[in-house]
Amino acid sequence: MFLSARRPVARLVVAAAVSTFASAAVAQDSRPIVPGTGRLLKQCFDDFEDPEWSYDYQLPKSSYEQDDRQRAPIGRSSNMMWLESRKRGTPDHVKRIETPPNGIPGSEGALLIRTLNSGVPGTLSPEPMQDDLILNMAGKFGSLDVSRGANAVVRVWMPPFEEWDQRGGSHFGVRIACRTTKEEMKGAFIFRRRVREPEAYWPGMFIQYMPKSAGFPENSAALIIRGADNGGDFRGPSISGGGWWTLGMSVTPDGRVHYYARQGVEDLRAQDRLASTTPYGYDAELFSTMFFNITSRDDGKTWSTPFVIDDPAVYAAY
């Protein structure tokens, strides 16, 4: 009778312990990760300090998004850290420069990114197009499972508003590539079945310009976040003038994406979090890379607004 009376108590103690452990695990899975947390993946970090850093453009560029053309070989940096996008093409001006004022202490080199002909090579379009510069994480390291707490951070410099292309809309983007598994019904009638397939998606933050020339009260800019749970964009903080910002994103083990921003080059903090979402309703499974968009009018004569990046890096929090 003594042993029999003890067994339910033991089961309750074990159940309580398991429940506490599970609750703690869930809490850790969902807790936002400040970008810059954990172990720096040195294979996925570039400080642009090498004076011999260069970029081989390999024009004409790819334009698969517009005309299904991937034009090999693709552009790449001399250290093989950066690649042209096969989907959209390479920026027309990727150059190591002296770090703009008030940058990371001790930094002597940073990367200028601009573009002119951002659409299909040899043609001009009636609307802005974008080119991409992609961190070669696939070739240098591989993907990170979200259980590792993948996160990325970069410093971005932007010029004074009078030096921007005076065009309203998105001018620059900092983005990450994620993968999930999507279920959908395929086939017809009795052959209809549920299929699980990998799906790539690209959360990010865009720098959007609102100039007086486009009817706004004054020249201004803001961060636009992509994306909401339904995949839409929503507005983040305003940007006043030029200078440096620190931007970052993280993916937690529960598959959510977290967005952070802070003016200046100081490290990001918990209070710099702008939002946490499951873009398109997807729970991320893999973190594939980070990359940058640059947008021009694609009119053959107007260069994009010059943006500069420094110390882009990927970390594993766990």
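User: How many bridges join strand 13 to strand 14, and do they run parallel or antiparallel?

Analyst: In this predicted model, strand 13 and strand 14 (residues 233-239) are joined by five bridges and run antiparallel. Two strands count as paired if there are at least two bridges between them, so the five bridges here meet that condition. Within this pairing, Ile225 has Phe234 in strand 14 as its bridge partner.

User: What makes strand 12 and strand 13 a pair?

Analyst: Seven bridges join strand 12 (residues 204-210) to strand 13. The requirement is at least two bridges, and therefore these strands are counted as paired. They run antiparallel, and Phe206 stands opposite Ile224 in strand 13.

User: Why is strand 13 described as mostly covered?

Analyst: Strand 13 comprises residues 220-226, and five of its seven residues are buried. A residue is called buried if its relative accessible area is under 20%.

User: What is found between strand 13 and strand 14 in their hairpin?

Analyst: The hairpin has six residues between the strands. Gly231 in this hairpin takes a positive phi near 90 degrees. Gly227 also belongs to the loop between strand 13 and strand 14, and a cis peptide bond joins Arg226 to Gly227, with omega about 15 degrees.

User: Why is Met80 called partly exposed?

Analyst: The relative accessible area of Met80 is 31%. Partly exposed covers the values between the buried limit, under 20%, and the exposed limit, over 50%; Met80 is therefore partly exposed. Met80 lies in the loop between strand 3 (76-77) and strand 4 (82-84). Its phi is near 60 degrees, a positive value in a residue other than glycine.

User: How do you know that Asp298 is buried?

Analyst: Asp298 has a relative accessible area of 1%. The cut-off for buried is under 20%, so Asp298 is classed as buried. The residue is placed in the loop between strand 18 (286-296) and strand 19 (307-316). Although Asp298 is not a glycine, its phi is positive, at about 55 degrees.

User: What makes Ile190 an exposed residue?

Analyst: With a relative accessible area of 75%, Ile190 passes the cut-off of over 50% and is therefore called exposed. Ile190 is found in the loop between strand 10 (169-186) and strand 11 (193-201). Together, Phe189, Ile190 and Phe191 make a nonpolar surface patch of about 490 Å².

User: How many disulfides are counted in the model?

Analyst: The count is zero. Cys44 is in no disulfide, and the nearest cysteine sulfur, that of Cys178, is 14 Å away. Likewise, Cys178 is in no disulfide, with the sulfur of Cys44 as the nearest cysteine sulfur at 14 Å.

User: Why are Cys44 and Cys178 each counted as buried?

Analyst: Cys44 has 0% relative accessibility, and Cys178 has 1%. Buried means under 20%, so Cys44 is counted as buried, and so is Cys178.

Note on methods: Residues are numbered from 1 along each chain as its sequence is written. This is a predicted model: local features need pLDDT of at least 70, side-chain atom pairs count only at pLDDT 80 or more; totals for chains, interfaces and linings use all residues. Side-chain values use heavy atoms; hydrogens and water are left out. Buried means under 20% relative accessible area, exposed over 50%, partly exposed in between (1.4 Å probe, protein chains only). Helices (H or I, at least four residues) and strands (E, at least two) are DSSP runs, numbered from the N terminus. Patches are made of residues with over 30% relative accessible area and no salt bridge: like charges are joined within 9 Å, nonpolar side chains (Val, Leu, Ile, Met, Phe, Trp, Tyr) within 5 Å. Accessible areas come from the Shrake-Rupley method with a 1.4 Å probe; for residues, only the protein chains shown count as cover. A salt bridge is a side-chain nitrogen of Lys or Arg within 4 Å of a carboxyl oxygen of Asp or Glu. A disulfide is a pair of cysteine sulfur atoms within 2.5 Å.
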